[in-house]
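Here's a quick briefing to read with the structure open beside you. Take it a topic at a time.

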Amino acid sequence: MGLGRVRRRDALVAAGAAAAGAATTVGAQVAFADDSGPLPFYGGPASLLPAPDPDTPIATELRVVWRVHTPQRALALTFDDGPNPDRTPRVLAALDAAGVPATFFLRGDNVVAHGAVHKGSVGRHELGNHTFTHTDLGRLDLAAARSEIERCSAAMHTAYGIVPTLFRPPYGHLSGAAVLAAAAAGLTTVLWSGRFRESGFRDQPDGIVADAAGQMHPGTIFLGHDSGTAERILSIERLPRLLAALLAQGWTFHTVSDLLALSA
Ligand SMILES: [Zn+2]
């Protein structure tokens, strides 16, 4: 697999801060010098083909969604990285008070540790797959990416008796192998078209509400987190106000699967 190769490249880029020409900076991103040669045609992190001559492909197609095409003022709120014993109940309480559903993309390891948090969510909210350990699938080969996805779905089945149909890749990162792994598991890959931007509102946290509301368009899939960094509390604390504002503006709330069904 290509993991060793990727790590070697990282090491070169780290050294590249002092080695002119090894990497160039583009905005906040680093453009990698092509130091490692071509990636393998079959296998490795990039290929969408698991083996030569795949007479029996492991999937027939893949669906990747950022936003749903609909004329309706319909939204899907999503919360990643839980379940979390402190924050998830706060999000669920805000959703219940407003009478709206959401979709939670769960880490398998957190399901094992804190699965009871969502015992009452099945049938009311949607639960999707967010890998078992929240690793960067863009760096894994097919076997490792499939393992991350399958272990998460297995943990969800054990805890909730359901098989998820949606998948969100950690960090929004996908490789050929990760795409293939999601397709092989029959999962629709769900990204997002709006998100809480907590880091921009540390000094004026109430501004999160207007910032989030301003990102809503018909069919928006909106990203939040019910686990993670301390500053994410800023959005959870203001979720009731955001929901009230959006309901007053006539927005309707749907699980991601229900929003997909509205696709025009
Ligand atoms: Zn995540």
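This is a predicted model: local features need pLDDT of at least 70, side-chain atom pairs count only at pLDDT 80 or more; totals for chains, interfaces and linings use all residues.

**Confidence and overall build**
- Mean pLDDT for the protein chain comes out at 88, with 86% of its residues at 70 or more.
- Of the 264 residues in the protein chain, 40% are buried.
- Taking contacts with a separation of 6 or more, 75% are between residues 24 or more positions apart.

**Helix pair α2 and α8**
- Helix α2 covers residues 87-98 and helix α8 covers residues 239-248; they pack at about 30°, axes 9 Å apart. Angles under 35 degrees count as roughly parallel, so α2 is roughly parallel to α8.
- The α2/α8 crossing is right-handed.
- On the α2 side, the contact uses Val91, Ala94, Ala97 and Ala98, which meet Leu239, Pro240, Leu243, Ala244 and Leu247 of α8. By class that's 9 nonpolar residues, with no polar and no charged ones.

**Helix pair α4 and α5**
- Helix α4 (residues 142-160) and helix α5 (residues 176-184) cross at roughly 45°, and their axes come within 8 Å. That angle makes α4 oblique to α5.
- This crossing of α4 and α5 is right-handed.
- From α4, Leu142, Ala145, Arg146 and Ile149 meet a set of α5 residues: Ala177, Ala178, Leu180, Ala181, Ala182 and Ala184. The contact splits into 9 nonpolar, no polar and 1 charged.

- Most residues other than glycine have a negative phi, and most peptide bonds are trans. A few spots go the other way.
- The Gly82 to Pro83 peptide bond is cis, with omega near 0°. Pro83 sits in the loop between β4 (74-80) and α2.
- Thr131 isn't a glycine, yet its phi is positive, at about 75°. You'll find Thr131 in the loop between β6 (126-129) and α4.
- Is Thr131 buried or exposed? Thr131 is buried, with 28 other C-beta atoms within 10 Å.
- Tyr171 also has a positive phi, near 65°.
- Tyr171 is exposed, with 11 other C-beta atoms within 10 Å.

Key
Residues are numbered from 1 along each chain as its sequence is written. Axes are lines fitted to C-alpha atoms, for helices over the stretch in contact, and angles run from 0 to 180 degrees between N-to-C directions. Helices (H or I, at least four residues) and strands (E, at least two) are DSSP runs, numbered from the N terminus. Angles under 35 degrees count as roughly parallel, over 145 as roughly antiparallel, 65 to 115 as roughly perpendicular and the rest as oblique. A crossing is left-handed if the near helix is turned anticlockwise from the far one by less than a right angle, and right-handed if clockwise. Two residues are in contact if their C-beta atoms, placed from the backbone, lie within 7 Å. Ala, Val, Leu, Ile, Met, Phe, Trp, Tyr, Cys and Pro count as nonpolar, Asp, Glu, Lys and Arg as charged, and the others, Gly among them, as polar. pLDDT is the predictor's confidence in each residue, from 0 to 100. A residue is buried if 20 or more other C-beta atoms lie within 10 Å of its own, exposed if 12 or fewer, and partly exposed in between; C-beta atoms are placed from the backbone.
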